[in-house]
Amino acid sequence: MSTRITWPQVAIAAAIGLFLFAFLVVPVLTVIYVAFVDGTGGFTLSHFVSFFHISLMRESFWNSLYVATLSVVFATIIAVPLAYFTARFQFRGALLIQTLGILPLIMPPFVGAIAMQLIFGRSGSVNLLLNDWFGFTLPIMDGLNGVIFVEAIHYFPFILMNLVVALNNIDSSMEESALNLGASGMRLFRRIVFPLAMPGYIAGAALVFIKVFDDLGTPLVLNVTNMLAPQAYLRITSVGIEDPIGYVIGVFMIVFSLVALWASALVLKGREYATMQRGYSGLAKRRLTPWQGVFAYGWIVLVLALVLAPHLGILMLSLAKVWSFSVLPEGFTLQHYATVFQDSPRMIWNTLLYCGIAAGIDVVLGTAIAYLILRTRVPARLSLDFIATAALAIPGVVLAIGYLRTFRGMELPFTDDLLTSSWLLLVVAYSIRRLPYALRSCLAALQQMHVSLEEAAENLGARKSRAIVRVVVPLMAGGILAGFVTSFMTAAVELSATLMLVTAQHDAPMSYGIYLYMQSAAGRGPGAALGVLAVAIVAIGTYLSHRLIERREAEKQSQPLARIEV
Amino acid sequence: MEKQRQVPVEFANVSLSYGATRVLHDVSVTIEPGEFFALLGPSGSGKSTLLRLLAGFLQPDTGTIRVAGADITRVSPWDRDIGMVFQNYALWPHMTVAQNVAFGLVERKLPRAEIETRVAAALELVGLKEFGARRPGQLSGGQQQRVALARTIAIEPKVLLLDEPLSNLDAKLRVHMRTELFELQRKLGITTIFVTHDQEEALSISDRVAVLDGGVIQQVGSPMELYDNPANRFIANFVGTINLLRGTLERDGERGVFRSPVLGEVPLGRTAAPAGSAEIAVRPHTLKLVAPDAPDEPGRSWVAGTVAEREFLGEFVRYTLRVGNAELVADQPHFIGERGFAPGVAVKVGVNPAQVKIL
């Protein structure tokens with residue numbers, strides 16, 4: 001890499017820095033600032049004191065912690081056996097488990113929550129059957145239980161996938177040398193396998209904690225308002241943008257996110273040795289004994305039934321004429337889809353437009369930041385990475401509150417429209433929140449590409465910009481596309497920032513529409529239909545991009561020599 | 001491809017540091033027009049850095065780099081016209097072989113017809129005429145290297161740089177490609193600089209070699225000069241195998257006598273070296289081993305020793321001898337039927353004064 005810092009590099013870095021500063025740093029600092037100042041601008045803790053004087057706030061505080069913690073616990077119980085089966089045993093369920101991994105990405109919990117109530121609620125299918133057969137019911141969906149249940153079965157794949165990767169990265173030689181030195185069975189697991197896989201577990205668990213803590217849609221759809229995220233939303237939308245309590249909640253949400261991330265970073269630190277060595281071959285895979293097989297498949301079937309419940313439920317709901325106080329819907333119809341296509345083609349279009357632009361911004365920024373970090377010596381390039389990644393710790397609700405406060409009264413250039421009532425702000429919010437994913441994807445793609453591939457282009461007469469266009473970007477295409485798809489998919493089903501930033505219904509995307517429909521009993525059918533459409537769009541997008549990436553990779557063939565470490 | 005205009009390359013007082021780490025220190029060397037020049041050194045010696053400075057991927061802290069007399073120190077890599085073949089070939093997997101080779105010509109905005117002719121000519125030159133439509137991933141390592149070579153010479157660069165060109169090939173192919181590279185360079189007549197850590201590679205095909213260590217050029221010379229007249233211990237050790245012995249040099253008129261506890265007294269013949277403590281270097285193949293009771297052959301100084309180890313290497317047997325409390329390595333040619341000396345056996349070692357080099 002050239003040691004020279006050039007003006008274009010600095011200009012691009014500055015532009016990115018400015019964007020992140022204006023739309024991430026300033027809004028978040030504004031939220032924190034407002035939480036700590038009194039009416040005259042002096043420092044005060046009085047807002048925090050009044051927060052804890054309101055019994056509803058105290059209750060919400062503990063409820064949020066309780067729900068997030070228990071969701072992690074239940075997600076762990078579901079995920080750990082599955083991860084262990086895939087990593088340690090030869091069996092066909094592995095592919096199935098991999099597939100489970102992307103389900104929460106394509107359907108967020110709030111979409112399926114209503115369907116879950118119809119299946120597991122007090123008068124849902126399961127309890128109706130239990131009551132008929134055994135004369136008792138289970139309070140699975142009552143209040144906070146419902147939130148925990150829905151969140152856990154949606155987000156356990158984050159733990160599962162991280163744990164599977166961590167287990168697969170353990171070199172078989174690590175295990176073999178332990179066996180060679182006399183450790184086996186549970187002792188081997190406890191002393192070698194478990195500690196080496198721990199960072200993966202913690203990373204997944206922290207992610208689940210943050211996701212649940214930030215989730216606004218699920219509690220609202222399930223009509224649970226005594227948690228922090230719903231309270232922040234309700235305070236700002238009902239009391240108003242001036243209400244300091246909303247900002248205090250925002251501060252708490254940021255702090256808990258940061259603590260979870262910090263904890264996982266702390267555990268991950270210095271754990272590089274867990275990754276595979278040269279000539280790695282993963283953990284040795286054993287055959288299942290018959291009893292292990294029964295247990296493994298039994299567990300998978302049970303988990304699968306739970307995981308698919310919201311998906312099947314939402315599908316049934318979208319097709320049901322009436323579904324209330326009955327095990328299954330009474331009669332099916334396509335009427336809801338017709339309603340959706342009549343009422344809200346605009347929402348579908350909006351989702352495609354907003355998420356397309358946001359994902360586009362993300363991969364452009366992601367590619368540029370990745371390039372600045374890995375291939376230049378521009379000062380402060382690592383801070384760009386840090387700030388962009390810090391967006392992970394910022395809940396959607398908090399970012400949205402920050403936008404509303406920071407940009408209030410500001411007008412769009414050349415128009416009389418307020419920035420805060422424009423859909424552009426929603427696009428910016430999406431792009432900021434999804435940037436960390438796109439950035440990781442771009443970084444990985446560029447890291448895999450040996451610098452000599454770019455130098456060769458320059459050596460043959462291509463200037464920097466030409467080398468980037470003709471060699472760097474095409475070779476990163478797989479990673480860029482993966483980043484685009486991830487950003488697009490997750491933005492398409494994001495609700496927290498959406499709920500707060502959508503001001504006019506004709507500007508609303510699908511996620512908002514789903515939520516709105518679900519508010520009334522009559523809207524459940526169309527809401528479910530819109531949900532199914534959203535999932536279908538995301539799923540088709542994922543499938544197509546996978547095909548595209550696979551084709552490109554096949555075209556390239558693997559090119560072993562270019563990846564040799566020099 | 002035509003024979004190209006031959007240009008000289010000059011490094012003048014080039015230094016480069018990364019923070020406190022000195023990578024190159026005051027390097028000055030001139031590569032003559034049309035020369036096949038090797039940069040030889042262990043890893044970390046700065047040889048690749050020198051190449052990257054010439055290609056423009058690095059800039060020196062101080063010093064000047066001239067190509068054909070023009071200062072190119074601050075010129076961008078893409079404006080230098082210096083072709084480089086990378087160690088890992090750096091072929092672009094998203095382009096076909098022909099697209100790879102055409103890249104530099106497209107960047108030079110040549111007419112399409114000319115690009116096609118030159119791509120075909122370059123591929124033919126490296127013997128890959130039929131491979132234009134393939135992807136790099138479908139080629140063997142040797143073929144990939146030829147593509148990389150074709151891609152570079154297609155632009156008819158002023159200077160050709162080869163970064164460890166043979167290191168990614170297996171042993172047999174390596175020797176073969178070595179000859180091919182040499183022939184290609186002679187055919188094109190292009191000033192060529194190549195980096196290697198393999199002294200055999202450097203000595204066998206280059207006109208001259210610069211040996212680097214610790215960011216400093218230790219010696220520049222023809223392969224034979226380096227081998228016969230190593231300038232210092234490092235060169236002596238690095239180029240070929242050698243025995244180094246400390247002792248004192250005494251002068252007897254124009255003649256020198258080397259006295260050491262290991263070899264005793266060895267008369268050396270004419271020398272200009274000053275008297276005093278000295279170090280001599282003796283190549284293993286110049287030593288002669290005989291049975292202790294054999295008569296002393298005239299013209300050699302003889303000393304008694306014991307065989308400590310022996311390695312059979314085919315053409316010769318390499319003996320490690322214990323002489324006094326020192327070790328000497330002696331290579332003896334091997335012929336069918338000869339058994340040589342077994343470990344533990346006492347031998348007599350003959351030193352030829354004409355083959356002793358005073359460092």
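Before the details, a word on conventions: residues are numbered from 1 along each chain as its sequence is written, while chains are lettered from A and ligands numbered from 1 in the order in which they are written. Since we are looking at a predicted model, local features need pLDDT of at least 70 and side-chain atom pairs count only at pLDDT 80 or more, whereas totals for chains, interfaces and linings use all residues.

Let me begin with chain A, which is divided into domain 1 (1-44 + 334-566) and domain 2 (54-329); domain bounds here come from an automatic or database domain assignment. Between these domains, 37 residues of domain 1 of chain A are in contact with 34 residues of domain 2 of chain A, where contact means that the C-beta atoms of two residues, placed from the backbone, lie within 7 Å. On the side of domain 1 of chain A that touches domain 2 of chain A, the largest share, 10 residues, comes from α24(A), and among the other helices that each supply at least two residues there are α1 (7-36) and α21 (464-492) of chain A. Helices are DSSP runs of H or I with at least four residues, strands are runs of E with at least two, and both are numbered from the N terminus.

Turning to where the chains meet, 30 residues of chain B are in contact with 27 residues of chain A. On the chain B side, β6 (82-85), α2 (97-107) and α4 (141-154) each supply at least two residues, and by class this side has 15 nonpolar, 11 polar and four charged residues.

Chain B itself is divided into domain 1 (9-238) and domain 2 (243-358), and the C-alpha centres of these two domains lie 40 Å apart.

One sheet of chain B is open and has six strands in the order β6-β7-β8-β3-β9-β10, with mixed pairing; two strands pair if DSSP finds at least two bridges between them. Its edge strands are β6 and β10 (216-221) of chain B, each of which pairs on one side only. Five bridges join β9 (residues 208-213) of chain B to β10(B), and these run antiparallel, with B:Ala210 standing opposite B:Val220 in β10(B). Helix α1 (residues 47-55) of chain B lies across β3, β6, β7, β8 and β9 of chain B and runs at about 145 degrees to β7(B), an angle taken between N-to-C directions on a scale from 0 to 180 degrees, with axes fitted to C-alpha atoms, for helices over the stretch in contact.

The other sheet I want to show is also open, with five strands of chain B in the order β13-β12-β11-β14-β20 and antiparallel pairing. Neighbouring strands of this sheet are turned by 40 degrees against each other on average, direction ignored. Strands β11 (residues 243-252) and β14 (residues 276-282) of chain B pair over seven bridges, and B:Gly247 stands opposite B:Ala278 in β14(B).

Methods. Nonpolar A, V, L, I, M, F, W, Y, C, P; charged D, E, K, R; others polar.
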